[in-house]
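Q: I have not looked at this one before. Can you walk me through it?

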Amino acid sequence: MFIVITGLDGSGTSTVAEKLHELDNGSVLVRTPSVEFSNREKIDETVREISPMSHYLYYLSSVVYMSDYIRNNVNYKEKNVYCVRYLIDTVVSHQVAGLDVELDYESYEIIKPDLIIFIGLNEQARQERISKRGKSILDKVLDDDEKREAFLKCFEKNLPRNDTIYFDNGDVNVTENVKELFKEIDRRKKWWSIRNFYYQMKK
């Protein structure tokens, strides 16, 4: 399966993805933007305010690149691929910024996730995590209550109803919780395989 892990910055997406990858032998862990787009901070500082569309296209290109990379290098039908942030993050953040963009996988032949895991974390704990690592520009945007609520509403609007798992990262026993999450992913994978089998039979 191709599994995207998302949530507000500071909610623990990278930590959860890494723990899932460790539990899942043979799996692949990637993220967008990847190292090939290592000038992210410069883009956020100099481009975002002047040209939101250019900022969007930069992040969109990182998603298209990762989709093509997975398609050409990883058999995600045979092993799980975990991706920290993806198209939904790019769309949501720019919808909040006022751009008229939609979650469109078809136009650029972007691989559609089989499953999205949305990481939730209470605001106090999220702020503590961010403070330890240092705040980025987006972190500062999310300090605004109205902006943060707008992000959550846009995520809710764009998350696929039947192919999303909501994971509460607020419990101190993260490792045990991720083990339970991994079991749920395995259950979803079995259901996903049956669904695809019947779909192919109908064709």
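A: A definition to start with: a residue counts as buried when its relative accessible area is under 20%. The model is a predicted one.

Q: OK, how many of the ten residues of α4 are buried?
A: Ten of the ten are buried, so α4 is largely enclosed by the rest of the structure.

Q: Which residues are those?
A: The buried residues of α4 are Leu87, Ile88, Asp89, Thr90, Val91, Val92, Ser93, His94, Gln95 and Val96.

Q: And what do the buried residues of α4 pack against?
A: They pack against β1 (2-7), α3, β4 (115-120) and α7.

Q: Take α7 then. At what angle do the axes of α4 and α7 cross?
A: Helix α4 covers residues 87-96 and helix α7 residues 145-158; their axes cross at roughly 135° and come within 9 Å. The two helices are therefore oblique to each other. The crossing of α4 and α7 is right-handed.

Q: Which residues meet there, between α4 and α7?
A: From α4, Ile88, Asp89, Val91, Val92, Ser93, Gln95 and Val96 take part. They meet Lys147, Ala150, Phe151, Cys154, Phe155, Lys157 and Asn158 of α7. Sorted by class, this contact of α4 with α7 has eight nonpolar, three polar and three charged residues.

Q: Now α3. How do the axes of α3 and α4 cross?
A: The axes of α3 and α4 come within 9 Å and cross at roughly 170°. That makes α3 roughly antiparallel to α4.

Q: Which residues of α3 and α4 meet?
A: Leu87, Thr90 and His94 in α4 meet Pro52, His55, Tyr56, Tyr59, Leu60 and Val63 in α3. By class, the contact of α3 with α4 has six nonpolar residues, three polar ones and no charged ones.

Q: What follows α4 in the chain?
A: Gly98 follows α4, and the phi of Gly98 is positive, near 105°.

Q: Change of topic: how many aromatic pairs does the structure hold?
A: There are eight aromatic pairs. In one, the rings of Phe37 and Tyr58 have centres 5.8 Å apart and planes at 70°, so the pair is edge-to-face.

Q: Where do Phe37 and Tyr58 sit?
A: Phe37 is in the loop between β2 (28-31) and α2 (40-46), while Tyr58 is in helix α3 (residues 52-73). The two are 21 residues apart, and the pair links distant parts of the chain.

Q: Are those two buried or exposed?
A: Both Phe37 and Tyr58 are buried.

Q: Which residues do ring pairs link into a cluster?
A: The cluster is made of Phe37, Tyr58, Tyr59, Tyr65 and Tyr69.

Q: Where is Val47, and what does Val47 touch?
A: Val47 lies in the loop between α2 and α3. Not counting residues up to four places away in sequence, Val47 touches Lys42, Pro52, Ser54 and His55.

Q: Last one, Leu115. Is Leu115 buried or exposed?
A: Leu115 is in strand β4. At 1% relative accessibility, Leu115 counts as buried.

Q: And which residues is Leu115 in contact with?
A: Leaving aside neighbours within four places in sequence, Leu115 contacts Met1, Phe2, Ile3, Val4, Asp163, Thr164, Ile165, Ile185 and Arg188. Leu115 and Arg188 are 73 residues apart along the chain, and their C-alpha atoms are separated by 8.4 Å.

Technical notes:
Residues numbered from 1 in each chain as written. Predicted model: local features only at pLDDT ≥ 70, side-chain atom pairs only at ≥ 80, totals over all residues. Heavy atoms only, no water. Axes fitted to C-alpha atoms, helices over the stretch in contact; angles between N-to-C directions. Helix = DSSP H or I, 4+ residues; strand = E, 2+ residues; numbered from the N terminus. Parallel < 35°, antiparallel > 145°, perpendicular 65-115°, else oblique. Left-handed = near helix turned anticlockwise from the far one by under 90°. Contact = heavy atoms within 4.5 Å. Nonpolar A, V, L, I, M, F, W, Y, C, P; charged D, E, K, R; others polar. Phe/Tyr/Trp six-rings, centres within 6.5 Å; stacked < 30°, edge-to-face > 60°. Buried < 20%, exposed > 50% of the residue type's maximum accessible area, 1.4 Å probe, protein only.
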